[in-house]
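My entries follow in the order I looked things up.

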Amino acid sequence: MLPVPDGLDGMRVDAGLAKLLGLSRTVVAELAESGDVLLDGRPAGKSDRLSAGVLLEVTLPDPDNPVEVVAEPVDGLRILHDDDDIVVVSKPVGVAVHPSPGWTGPTVVGGLAAAGLRISTSGAAERQGVVHRLDAGTTGVMVVAKSEHAYTVLKRAFKERTVDKGYHAVVQGHPDPTRGTIDAPIDRHPRHDYKFAVVAGGRPSVTHYEVIEAFRAASLVDVKLETGRTHQIRVHFSALRHPCAGDLTYGADPVLARKLGLTRQWLHARTLGFAHPADGRWVQFESPYPDDLAHALEVLRAEN
């Protein structure tokens with residue numbers, strides 16, 4: 001940890017730290033994207049500006065202990081689409097997108113490697129081809145780049161928010177209004193650094209939602225993300241006092257979770273649409289509900 005030198009004042013994080021640390025801007029951008037660059041204890045984006053004197057903390061990967069991609073089959077990982085540029089999968093619960101320090105479970109990139117699929121070599125070694133993420137506890141559709149061109153195009157599309165990301169969530173209670181927008185900044189929780197919260201001065205975060213089915217104790221909600229912050233849907237609905245069913249981390253009722261047979265949040269990446277990197281045509285993919293979420297819906301509907 002060190003204060004930002006005067007000579008970097010006003011520079012972008014990626015440019016300033018590349019100069020300070022002797023790394024490429026791409027590597028610094030990857031570190032920032034992973035939450036490994038902190039300014040006064042807060043995660044910094046690659047395009048944020050440095051201020052002289054602000055405390056800087058950078059977590060660098062250990063060159064003597066790199067995180068390796070282990071090619072191993074992943075139960076429940078379904079390939080929805082595969083061509084020369086992209087592979088679209090339906091990610092099961094309990095699977096991380098890529099390896100990371102401390103994670104010993106299965107990964108999407110490891111599952112694809114085991115299936116014999118070649119993916120883009122762009123990005124950090126353990127995250128090659130990864131252009132977006134889902135939490136290990138969140139299921140659903142995601143795309144991985146196979147070609148270098150696709151990686152570049154898709155990374156830009158996610159950054160510029162031209163990707164249509166559709167989620168379904170079962171939230172406790174009945175949001176009022178039944179259709180609306182949650183515009184509330186998100187940052188690390190001030191007391192519990194393993195989770196996030198709506199925090200004044202946090203990163204801008206916008207969630208659009210519409211109730212598509214109401215039950216006695218909960219609602220099935222269609223969610224569209226304008227931004228893609230970590231835990232965004234979970235944090236926003238928790239802030240509304242309508243946490244995702246089963247999401248004990250963010251205040252869900254454990255009694256309801258047991259009744260629905262949930263051991264994780266009811267949150268599913270339902271659809272993903274984007275311009276195909278090969279020719280620009282619009283493509284859209286849909287992931288069916290996994291068994292645990294489908295069962296919880298059956299229980300809710302039986303009570304109506």
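I started at Asp 40, in the loop between strand S2 (37–39) and strand S3 (42–43). I am working from a predicted model. Asp 40 is not a glycine, yet its phi is positive, about 50 degrees. Buried or exposed, I asked of Asp 40? Its relative accessibility is 51%, and the cut-off for exposed is over 50%, so Asp 40 counts as exposed.

Next I looked up Arg 241. I found Arg 241 in the loop between helix H5 (232–239) and helix H6 (254–260). This residue is other than glycine, and its phi is positive too, near 70 degrees. At 71% relative accessibility, I logged Arg 241 as exposed.

Then I turned to peptide bonds. I noted a cis bond joining Asp 176 and Pro 177, with omega about 5 degrees. Pro 177 sits in the loop between strand S8 (164–172) and strand S9 (179–183).

Last came the packing. Nonpolar side chains tend to be buried together in soluble globular proteins. The largest nonpolar core here has 45 residues. Which residues have the most contacts inside it? I got Val 143 and Phe 274. Where does this core lie? Domain 2 (64–160) and domain 3 (161–303) both give residues to the core, so I placed it between them.

I listed the contacts of Val 143, leaving aside neighbours within four places in sequence. Ile 86, Val 87 and Val 88 are among them. Val 131, His 132, Leu 154 and Phe 158 are on the list as well. Leu 272 and Phe 274 complete it.

How values were computed
Residues are numbered from 1 along each chain as its sequence is written. This is a predicted model: local features need pLDDT of at least 70, side-chain atom pairs count only at pLDDT 80 or more; totals for chains, interfaces and linings use all residues. Side-chain values use heavy atoms; hydrogens and water are left out. A nonpolar core is a set of buried Ala, Val, Leu, Ile, Met, Phe, Trp, Tyr and Cys residues joined through side-chain atoms within 4.5 Å. Buried means under 20% relative accessible area, exposed over 50%, partly exposed in between (1.4 Å probe, protein chains only). Domain bounds come from an automatic or database domain assignment. Contact means heavy atoms within 4.5 Å. Helices (H or I, at least four residues) and strands (E, at least two) are DSSP runs, numbered from the N terminus.
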